[in-house]
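Subject: Handing over the structure

Dear colleague,

I am passing on to you the structure I have been looking through, together with some notes on what was found in it. Please open it first, and keep it beside you as you read the rest of this message.

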Protein chains: 2
Amino acid sequence: MKNLELDLGERSYPIFIAPGILADGALWLKYIAGSQVCIVSNDTIAPLYLADLKAQLSEKNVCEVILPDGEAHKTLAVLEQVFDTLLANNHNRSTTLIALGGGVVGDMCGFAAACYQRGVQFIQIPTSLLAMVDSSVGGKTGVNHPLGKNMIGAFHQPNCVLADLNVLKTLSDREFSAGMAEVIKYGLICDAEFFGWLEQNIAGLMARDAELLSEAVYRCCENKATVVAEDEREGGRRAILNLGHTFGHAIETAEGYGNWLHGEAVAAGTALALALSVKLAWLAPDVAARGVALLEQAGLPVEPPSNMNVDQFLQLMGRDKKVVDGRLRLVLLVGLGEAVVTSEASIEIITEVLLAAGVSA
Amino acid sequence: MKNLELDLGERSYPIFIAPGILADGALWLKYIAGSQVCIVSNDTIAPLYLADLKAQLSEKNVCEVILPDGEAHKTLAVLEQVFDTLLANNHNRSTTLIALGGGVVGDMCGFAAACYQRGVQFIQIPTSLLAMVDSSVGGKTGVNHPLGKNMIGAFHQPNCVLADLNVLKTLSDREFSAGMAEVIKYGLICDAEFFGWLEQNIAGLMARDAELLSEAVYRCCENKATVVAEDEREGGRRAILNLGHTFGHAIETAEGYGNWLHGEAVAAGTALALALSVKLAWLAPDVAARGVALLEQAGLPVEPPSNMNVDQFLQLMGRDKKVVDGRLRLVLLVGLGEAVVTSEASIEIITEVLLAAGVSA
């Protein structure tokens, strides 16, 4: 068992990383305050793990909401199903919500917990690699809007995060690769040593070697916990976690949610951010090339979709949250493991990089 | 000009109370951080005051959302209109929302501000008496659900509150009376001296004497600020502000939002809470009678609707946020100006009080 603490004062919480943790209620039942529990999951994950989870909750008053799987359903309208279920079962302020699923379920369940009766407690049980290493940690919750990703949401920290490495065995190859995009991100933005370790072990990781995966999840959560503890509400440094995300969100929005997985869009967006860093002469070309090569070895796309044009990119990026009074703020690299948040890249230079990457004029 | 400060540490903010403040941008423009402003109002208030407000914002980049008037429209679906407008106009994290309207507009605009891009700033300009003395102060925001009032929301404090007493002139008599329900509440729960002052001045207040109204709004905001500063997120004492509200929310939900105004339902609910306090022998009957008489002098209903039965009341009250693991928590009086939050009233005794008030079995 590898444990971490995310240090946020009175909102601090533990992250437990181990195989089989889902069935170890003795470890985590104490993080449920009252008698009412509402499990939020989706129709892919529920058939696999819901029964195991409920077996641990036999002494609680449990209800469940099974959402349709996929980013396309991460909307306010679908979120209402959670509120409907909570109210129909008379859940009150002492209820605890449990997110059993990937990033979409975690973001929606967390946002429901943030808003239900103006805030109730919740627990994250991430079932995808991406959710384990990124979205389940740090308290960002929310839903998408047709005009932009994660535009409606809240900061709401869970009581604990349970990363059960066993559940990664049922993940599809495509979802596993998508999670690797965020794993590689931590190496690029803040942990050069980890990046080197990933380069050495990428074959074993892609073969889902249990020891290697455990180490990778731990290192990612450790990095994320450090960054979030410094800047919970993303006033500054936390924004480095968004490497590739402003380009990536534009891709996800343009292509329709779910057609490109979040991790795939982040991978292509990261390649663009690396190219832009090189174009500004902030990053050595060979470092950018190593980043792109590792993404490719993880089975990820490193080129933007062929049907987007420059105007579409710029317009959608302009709607991203990383805009302050008209200036586009981007995460770029100034070295391996060294990211900066900057407004210095002009529209002209971003356009050049998009064109060079094959985006049409 | 009467000013108050709501003391919440780094979330502290001023409440300005004066006639004509809407047109005094020099006073409040400094509470708008960036260049983008989004005004949220409704189709009753906008024709009266939107132009005056916009005249003060000529140097800002302003957009507006005009919602349909009324509690029936305080829903997640209508809230989406605010997000649609913000995104269509590329508003980013540095935008400031302004609520120009009564309690419904304030609650919805505040909740939109709490959720848009995980939280932006906002200003409250309450245009009803109820919003001035109660809902605009203290940071409670949210929308209704078909199964319960204010069930989806957030605590999100405004940058400032502007109470322009001139706008009360255009309020309908019915809306004015509804606001008086909350005014009288403060006397009952925490300010016996103010209650006596209200008894002496009720005729002048109902005639909307400007001096008296100014004093009343100030005293209410002062009381509310004191209570909220002690307990921002309603872990304890803040709940006394809900006198009559658990009964009242049941009435509003049963009758359909907007058929009984919130203040009307609170008045009838307060009469029930007073009767229950007497029934438990916690309150002298003559004090309860004074409370009921003052509500009646303010033109308010003091009896529950004739078409509700006891089961309906109990079921809807059980869904209220004032329930903790199955125990119904109610605000009751133990003296004039002395409220307690208690779970001691049994279902049997609540039933007796409802039957005695004419609710059918």
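Predicted model: local features only at pLDDT ≥ 70, side-chain atom pairs only at ≥ 80, totals over all residues.

I begin with the site. In the UniProt record, which is an unreviewed entry, the annotation "binding site" covers A:E182, A:H245 and A:H262. Although these residues span 81 residues in sequence, no two of their C-alpha atoms are more than 10.2 Å apart, so they gather at one spot.

If you look for A:E182, you will find it in helix α6 of chain A, which takes in residues 173-190. Is A:E182 buried or exposed? With a relative accessible area of 0%, and with anything under 20% counted as buried, A:E182 is buried. Leaving out residues up to four places away in sequence, A:E182 touches A:L130, A:V133, A:D134 and A:V266, as well as A:H245 and A:H262.

A:H245, for its part, belongs to helix α9 of chain A, residues 245-255, and it too counts as buried, at 5% relative accessibility. The side chains of A:H245 and A:E182 are joined by a polar contact of 3.1 Å.

The next feature is strand β5 of chain A, residues 96-101, where six of the six residues are buried, so the strand is largely enclosed by the rest of the structure. Both of its faces are covered, with A:T96, A:I98 and A:L100 buried on one side and A:L97, A:A99 and A:G101 buried on the other. Strand β3 of chain A (residues 36-42) runs parallel to β5(A) and is joined to it by four bridges, and here A:I39 stands opposite A:I98. Strand β6 of chain A (residues 121-126) also runs parallel to β5(A), with six bridges between them, and A:Q124 in β6(A) is the bridge partner of A:A99.

Setting aside neighbours within four places in sequence, B:I350 is in contact with B:F247, B:L276, B:L314, B:L328, B:L330 and B:A345.

With best wishes

Key. Residues numbered from 1 in each chain as written. Chains lettered and ligands numbered in written order. Heavy atoms only, no water. Contact = heavy atoms within 4.5 Å. UniProt positions renumbered as here; feature names shortened; annotations may be inferred. Helix = DSSP H or I, 4+ residues; strand = E, 2+ residues; numbered from the N terminus. Buried < 20%, exposed > 50% of the residue type's maximum accessible area, 1.4 Å probe, protein only. Polar contact = N/O pair within 3.5 Å; in protein donor to acceptor, adjacent residues only side chain to side chain. Pairing = 2+ DSSP bridges.
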